[in-house]
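Work through the following exercises with the sequence and the three-dimensional structure at hand. Each task is followed by a solution in steps.

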Amino acid sequence: HTLWLLNRVASAKALATKLRKHPVFKDYEIILAAGDGKLEEDDESNIRSFDKVKKAIAEHDKTITLSVGQLTTGVTIPEWTAVLMLSSIQSPALYMQAAFRAQNPCLFSNGSEFFRKENAYVFDFDPARTLTLFEEFANDLSEMTAAGKGDTAAREANIRELLNFFP
C-alpha cells in the first residue's frame, strides 16, 4: 500500500512538471497536495496542503491542485470549480465527497460587484465507474433500496432525486 501511494505521489509530481510545460496550463500555479507536499526541495515543506492551496489562490488568477489522498473529505476550498477523477476510487462515499468539493457556492467580488459561483464540474475518465458509483450512492441512502433491494422504479426515483444535488 505504501509503495502504491508513493507511485501515485511520483505520478502527481510528474503530472505537475508536464503541466508547467504545457502551452495552456503553463500559466496556472500548480499545487501538490500529496505525500511530502513538495514538488521540489524547498522550505515550504511544513506548510499544510490546505494553507498552500489558499495561498496560491490568493496570489494567482489560475491554479490547479493535484491531490493524492488529501483535501478530498472534510475540507472545503470554495474557489475550486472542478474536480478531475484520475484515480480508481471505488467507494461511493469517497467519490461523492470529492465531487462535492467543487460544488460549494462560493461568493466572489469584482470590486463593488458580487458574484456567486454557478457552475461546478466533475470530470471522470471512467464514465462506467461514475454511473455505477452514482447509482450505488443514490440507492444506499434509502433502507428500501440499499444493498440491491427495491424495484427498478424505486431505484430510478432515488437516482432522479440525487441528481437534484448535482446542478
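The term pLDDT denotes the predictor's confidence in each residue, on a scale from 0 to 100. The structure shown is a predicted model.

**Exercise 1. Confidence**

Determine the mean pLDDT of the chain, and state where pLDDT stays under 50.

Solution.
Step 1. The chain has a mean pLDDT of 82, and 88% of its residues reach 70 or more.
Step 2. Over residues 37-46, pLDDT stays under 50. For this stretch the model has 14 contacts beyond four places in sequence.

**Exercise 2. Aromatic pairs**

Find how many aromatic pairs there are, and classify each by the angle between its planes.

Solution.
Step 1. Two rings pair if their centres lie within 6.5 Å. By this rule the count comes to 2 aromatic pairs.
Step 2. Phe25 and Tyr28 form an aromatic pair with 5.7 Å from centre to centre and 55° between the planes. Planes under 30 degrees apart count as stacked and those over 60 as edge-to-face, the rest being tilted; the pair of Phe25 and Tyr28 is therefore tilted.
Step 3. In Tyr121 and Phe123 the ring centres are 6.1 Å apart and the planes stand at 20°, so this pair is stacked.
Step 4. Consider next the accessibility of these residues. Partly exposed covers the range between buried, under 20% relative accessible area, and exposed, over 50%. Phe25, with 30%, is partly exposed, and Tyr28, with 25%, is partly exposed. Tyr121 counts as partly exposed at 42%, and Phe123 is partly exposed at 39%.

**Exercise 3. A residue in helix H5**

Is Arg155 buried or exposed, and which residues does Arg155 touch?

Solution.
Step 1. Arg155 has its place in helix H5, which spans residues 152-163.
Step 2. The relative accessible area of Arg155 is 16%; since buried means under 20%, Arg155 is buried.
Step 3. Leaving aside residues up to four places away in sequence, Arg155 touches Glu135, Asn139, Thr145, Gly148, Lys149 and Gly150.
Step 4. For Thr145 there is a further detail: the side chain of Arg155 reaches the backbone oxygen of Thr145 at 2.7 Å.

**Exercise 4. A residue in a loop**

Describe the location, backbone angle phi and accessibility of Ala147.

Solution.
Step 1. Ala147 lies in the loop between helix H4 (127-140) and H5.
Step 2. Although Ala147 is not a glycine, its phi is positive, at about 55°.
Step 3. With a relative accessible area of 73%, Ala147 is exposed.

Conventions: Residues numbered from 1 in each chain as written. Predicted model: local features only at pLDDT ≥ 70, side-chain atom pairs only at ≥ 80, totals over all residues. Heavy atoms only, no water. Phe/Tyr/Trp six-rings, centres within 6.5 Å; stacked < 30°, edge-to-face > 60°. Buried < 20%, exposed > 50% of the residue type's maximum accessible area, 1.4 Å probe, protein only. Contact = heavy atoms within 4.5 Å. Helix = DSSP H or I, 4+ residues; strand = E, 2+ residues; numbered from the N terminus. Polar contact = N/O pair within 3.5 Å; in protein donor to acceptor, adjacent residues only side chain to side chain.
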